[in-house]
Structures are given as structure tokens and as C-alpha cells.
Amino acid sequence: MGLVLTGATLIDGNGGAPLPNAAVHIKGERIVWVGSAADLPLPAQAADQVDVSGKWLMPGLIDAHIHICYNGSDSVFTLLEKHRDDLVLEAVDICERTLSQGVTTIRDVGGEQYIEMSLRNAIDRGFIRGPRMKLSGRVISMTGGHAHFIAREADGPDEMRKAAREQIKAGADLVKLMATGGSATPGQDIHASQLTVEEIAAVTEVAHMMGRHVAAHCHGTGGIRNCMLGGVDTIEHGTYLDEETADMMVANGAALVLTVGVGNPDLESYPLTPVQQADAERRKPMIEQGVQQIRKTIALARSKGVFIGCGTDAGGNPLAPHQFAMARELELLVENDLTAMEAISIGTRNNAKILRWEDEIGTVEAGKYADLLLLDADPLVDIRNLRQIAAVYKGGEEV
């Protein structure tokens, strides 16, 4: 029989007009019927009715770029000095908080000691609460490349193949490359390309043979170009996208996973620790330049028809806390001239496709998991209302 959520205004994630006085029939983990409450079929009428009138119902959010093993407030170097058990216990709390903030699925693109694999297993077995997960395992960088201190360093095509296979052996759903420098690694040029086309192509060959996709950290244009020539599936960040590389992405069917929030950190909503203050000061010129640049990149990507997803990079540096990070990401998309509906569709439907999970999650449709976010206020009127959470459902269970 299941249960029926009835009376809410439904935003189904597909980008169409909201449906007032909607009903969603859930059996077990899945949605079995969606429509107007006035048209509720007989089997649904016999189910337990939950009146959610006056609320807004939408798919659970999907974070397509996160680091669940890092807290986003300490320096990564500090975290690496912690005992593994301490990281595990903190990550359990991060998983639970992430889910409670309306994020029902994540794609972790750089873990620590494969802790994220254990977290996924514990969540799937019901030992702890947390979002569904797609995982990359350890990032792969050149020797001394971006994030080399947490990476599997490799040089040359053969080493790259072996490094990719190691991640897949450990349970990775995708492989993550570091194709340019990054601001989280002191002293690096974010424009500098760090992998050759041949090295990138070796990884994509291995991953695609094994049914995995490849994500690449890229800021500089040269790195994006190399990744397109090497067959990468998603560009993470993509800060300095230009017309040539945008056209290459469209031709290759590659997606751009924006991470606007990490380049525009929230320095007002919470007190900064000394570590965070120092990192904010060190990165201040890059942050100011990045805020201006990302507006151009988003406008270009939209004009060219690049497929857009988004993620938070929460945990990726000391200024990326797991505090409504996905809600803030969508807020910043709206600040960069997207409509609230477009932002919501990117954070649900589009991200589901990027995770290659679009048949199971991302929209409120019959047959998909009942991963739902119930809000007290209309996010289309004010996208900040994504923080006004009344309930979160994962697999039909209120969490």
C-alpha cells in the first residue's frame, strides 16, 4: 500500500511548471505514481495519506563534486596528520549532515585512504545514514601535481593506466584526474597543464573499457583542451573555458561541473578559524578574479549549449565547509543569471545524468527512488528557501 504525500506544490526537476495540489504515491523505496491529488488512483487512495499542504516538494539535491572525507574547515595538511579513525568518525557525521540538508546523492571526486568506500558500504547496509554515493577513490596526478599530497601520483601512459585500474579495483565508479594546477596546492599556477593528452587518453581508455567515466579537475584552457582530446567525460570547475574548448565539449558530449561556491566562499555566515583566515588571505586575489571569470564562463557555456552540472567542492579546502553547501551553490547559480528553476534542474536532473544514474534519481517520476526534499517555502520565489527544510526522504523513508 505504501504512503501518499498529498497537497504540496510539486517541482519535479524536469524544468516544467510546478504542479499545485500534487500527490506522490510511494511503495517501498520507489515512486509508483505522480499527479494531481484530484486524480489519485484507487490503489493510492488506500495507502496511508500524509497531508503536506502548503509545502513544496522536489527531488533530493545531488552534489556532483564533493569530498566527504574532509571537513572543509581544517587545512588538508592538518587532516592528513589525524588518525584514520578520527577522519572516519567525522566523515560519518558529515554524511548524516549532508543528507539532513537535502542532499540525497553525492559524487565524491577525491577521497582519503578509501574511507569513502567504507562509508558507502555502511550506508548501503543501513549502519549509518547518508546520501547515495558515486566514488572516484584517490585522485590521480602527475608527480608533484595538484593535490599530490592526497593523490596517486603517476607519470606516463602506462603508470596512468595502472593508477586508474587501482581505483577501479578499490571500488571506484569513476576516475578523477588532476589536469591543471589548483589554488588548494600552494605555489601552483592554476592555468598550467599538468597531464599530456597521451596520459589522459590512457586513463579514459581503461575507464571506458570498465564502464566508468572520467572526471578532470581543470581551470586553465590548455588543460580543458587536452582533456577533450583525451576523451574525458566531465570537466570539473572549468574556470577559464573559452569558445574553442566549449565547442569541443559540445562535440564530445562532455559536461561542465561548475563549482561556483568554492571560488566564492561564504566568509560572512560563520566565524573563521585562524587557518581559514590565513587561507582566505592567501587566496584573496584568486577569489576576486575567479568570481568575475566564472560569470563569463557560465554565460559562454550556456550560449554554446554545454551540458551543465554543479557541485560544491565541500571539503576541498579550509573555506569549503559542509554547511548547506549545495543550497549555496544553487543560490550562486541564480546570482549568475540562471532562473531558480534552471538551477534546481541542474542540481537534480542534470547531475543525475552526469552520475549516470538518471534512470533511478534526479526527478520525481514513477519508477525512480523516492528521494525527495520537502520545503516550507517556495524556492522559485527565493532560491534561499532551499534551506527551509520540512523533511527529507531517501528511498521513501523520512530521514
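This is a predicted model: local features need pLDDT of at least 70, side-chain atom pairs count only at pLDDT 80 or more; totals for chains, interfaces and linings use all residues.
**View 1. Helix α7 and what sits on top of it.** In α7, the buried residues are Thr221, Gly223, Ile224, Asn226, Cys227, Met228 and Gly230. That is seven of the ten residues in this helix, which spans 221-230 and is mostly covered. Here "buried" stands for under 20% relative accessible area, "exposed" for over 50% and "partly exposed" for anything in between, with a 1.4 Å probe and protein chains only. Helices (H or I, at least four residues) and strands (E, at least two) are DSSP runs, numbered from the N terminus. Among the elements covering the buried residues of α7 are α6 (197-209), β12 (213-218), β13 (234-237) and α8 (243-252). Residues are numbered from 1 along each chain as its sequence is written, and side-chain values use heavy atoms, with hydrogens and water left out.

**View 2. Cysteines without a partner.** How many disulfides does a search of the whole structure find? It finds zero, where a disulfide would be a pair of cysteine sulfur atoms within 2.5 Å. Cysteine 227 is in no disulfide, and its nearest cysteine sulfur, in cysteine 218, is 3.5 Å away. Cysteine 227 is also buried, at a relative accessible area of 0%. Then there is cysteine 310: its sulfur is 18 Å from the closest cysteine sulfur, again that of cysteine 218, which is too far for a bond. Cysteine 310 counts as buried too, with 0% relative accessibility.

**View 3. Strand β7 between two parallel partners.** Strand β7 covers residues 103-108, and six of its six residues are buried. On one side of the pairing list is β6, which runs parallel to β7 and is joined to it by four bridges; two strands pair if DSSP finds at least two bridges between them. Look for aspartate 63, which stands opposite isoleucine 106 of β7. Strand β8 (residues 132-135) pairs with β7 as well, in the parallel sense and over four bridges. There, aspartate 108 stands opposite leucine 135 of β8.

**View 4. Strand β11, covered on both faces.** In a regular strand, side chains alternate between the two faces of the sheet. In β11, Leu174, Lys176 and Met178 are buried on one side, and Val175 and Leu177 are buried on the other. So which strand does β11 pair with? β11 runs parallel to β12, and five bridges join them. The bridge partner of methionine 178 in β12 is histidine 217.

View 5. On a 1 Å grid over the protein atoms alone, a cavity is a set of points where a 1.4 Å probe fits but cannot get out, while a pocket is an open set with protein on both sides within 12 Å along at least five of seven lines; lining residues have an atom within 4 Å of a point. Grid points are joined across faces, edges and corners, and a volume is the space filled by probe spheres set on the points. The lining of this cavity includes Asp63, Thr98, Val103, His322 and Met326. Both β6 (61-66) and α10 (325-335) supply at least two lining residues each. By type, the lining has five nonpolar, five polar and one charged residue. Ala, Val, Leu, Ile, Met, Phe, Trp, Tyr, Cys and Pro count as nonpolar, Asp, Glu, Lys and Arg as charged, and the others, Gly among them, as polar.

**View 6. The largest pocket.** This pocket holds about 830 Å³ of space. It is lined by 50 residues, with Ser183, Ala184, Val262, Arg283 and Asn317 closest to its centre. Helix α9 gives the largest share of the lining, twelve residues. The lining divides into 23 nonpolar, 20 polar and seven charged residues.

**View 7. Serine 75 in its loop.** Serine 75 sits in the loop between β6 and α2. With 15% relative accessibility, serine 75 counts as buried. Leaving aside neighbours within four places in sequence, serine 75 is in contact (heavy atoms within 4.5 Å) with Val275 and Pro318.
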